[in-house]
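Visitor: Hello! Could you walk me through this protein, one question at a time?

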Amino acid sequence: MEAPIEIKINSQVLEKIIIQSLEQSIPVNKNQKNDSEYLKCVGSKDTMEILGIGKRAFENLVCSHILEPMQMGSGFKIPLWQLEEFQKSYKGMDLSTYEKCVIAKEKVDAATSTKD
């Protein structure tokens, strides 16, 4: 059995990305309690850098619907909260191939649906 992949975050890169996203933030919902709250998003290259993964691993996460980027302008954006949830939900899981991503997604979805 292969050892699970652990994803580590480079804190300096994450800080840079957060600062950039704050500068380019978009409103979430005008009906929120605090209108100044924003949804911070990062592009695919920044996502790969934050997670420390390559293009193939990123594509596996997107194609298996673990990460669900939004089409914005000429590229895709992923909310930072989604990356945080991903790290919590998939901690310690083997995501080294597309097939393993699909299996992990099914496990997380099943665990989430039993909580509801």
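Visitor: Is C101 buried or exposed?
Guide: In this predicted model, local features need pLDDT of at least 70, side-chain atom pairs count only at pLDDT 80 or more, and totals for chains, interfaces and linings use all residues. Residues are numbered from 1 along each chain as its sequence is written, and side-chain values use heavy atoms, with hydrogens and water left out. Buried means under 20% relative accessible area, exposed over 50% and partly exposed in between, using a 1.4 Å probe and protein chains only. The relative accessible area of C101 is 0%, so C101 counts as buried.

Visitor: Which residues does C101 touch, beyond those up to four places away in sequence?
Guide: C101 sits in helix α5, where helices (H or I, at least four residues) and strands (E, at least two) are DSSP runs numbered from the N terminus. A contact needs heavy atoms within 4.5 Å. By that rule, C101 touches N60, L61, S64, I66 and L95.

Visitor: How far apart in space are C101 and C63?
Guide: Along the sequence, these two cysteines are 38 residues apart. From C-alpha to C-alpha, their separation in space is 9.0 Å.

Visitor: Is K105 buried or exposed?
Guide: Like C101, K105 belongs to helix α5. Leaving aside neighbours within four places in sequence, K105 is in contact with S64, H65, I66 and Y90. K105 has a relative accessible area of 18%, and therefore counts as buried.

Visitor: What is the phi angle of H65?
Guide: H65, one of the contacts of K105, is found in the loop between α3 (55-63) and β4 (70-72). With 47% relative accessibility, H65 is partly exposed. Its backbone has a positive phi although the residue is not glycine, with a value near 65°.

Visitor: Which residues are in contact with T47, leaving aside neighbours within four places in sequence?
Guide: T47 is placed in helix α2, and its relative accessible area of 0% makes it buried. The contacts of T47 are V42, F58, L67, I78 and L83.

Visitor: At what angle do the axes of α2 and α4 cross?
Guide: Two packed helices are described by the angle and the distance between their axes. Here axes are lines fitted to C-alpha atoms, for helices over the stretch in contact, and angles run from 0 to 180 degrees between N-to-C directions. The axes of α2 (residues 44-51) and α4 come within 12 Å, and their crossing angle is roughly 35°.

Visitor: Which residues of α4 meet α2?
Guide: From the α2 side come T47, I50 and L51. The residues of this contact divide into 5 nonpolar, 2 polar and no charged, where Ala, Val, Leu, Ile, Met, Phe, Trp, Tyr, Cys and Pro count as nonpolar, Asp, Glu, Lys and Arg as charged, and the others, Gly among them, as polar. The α4 partners are L80, L83, F86 and Q87.

Visitor: Which helix supplies the largest share of the lining of the largest pocket?
Guide: A pocket is an open set of points on a 1 Å grid over the protein atoms alone, where a 1.4 Å probe fits, with protein on both sides within 12 Å along at least five of seven lines; lining residues have an atom within 4 Å of a point. The lining has 15 residues, with E85, S89, Y90, V108 and T112 nearest the centre, and its classes are 6 nonpolar, 4 polar and 5 charged. Both α4 (80-89) and α5 (98-115) supply at least two lining residues. The largest share, 6 residues, comes from α5.

Visitor: In what order do the elements of the protein run?
Guide: The protein has 5 helices and 5 strands. From the N terminus on, their order is α-β-β-β-α-α-β-β-α-α.
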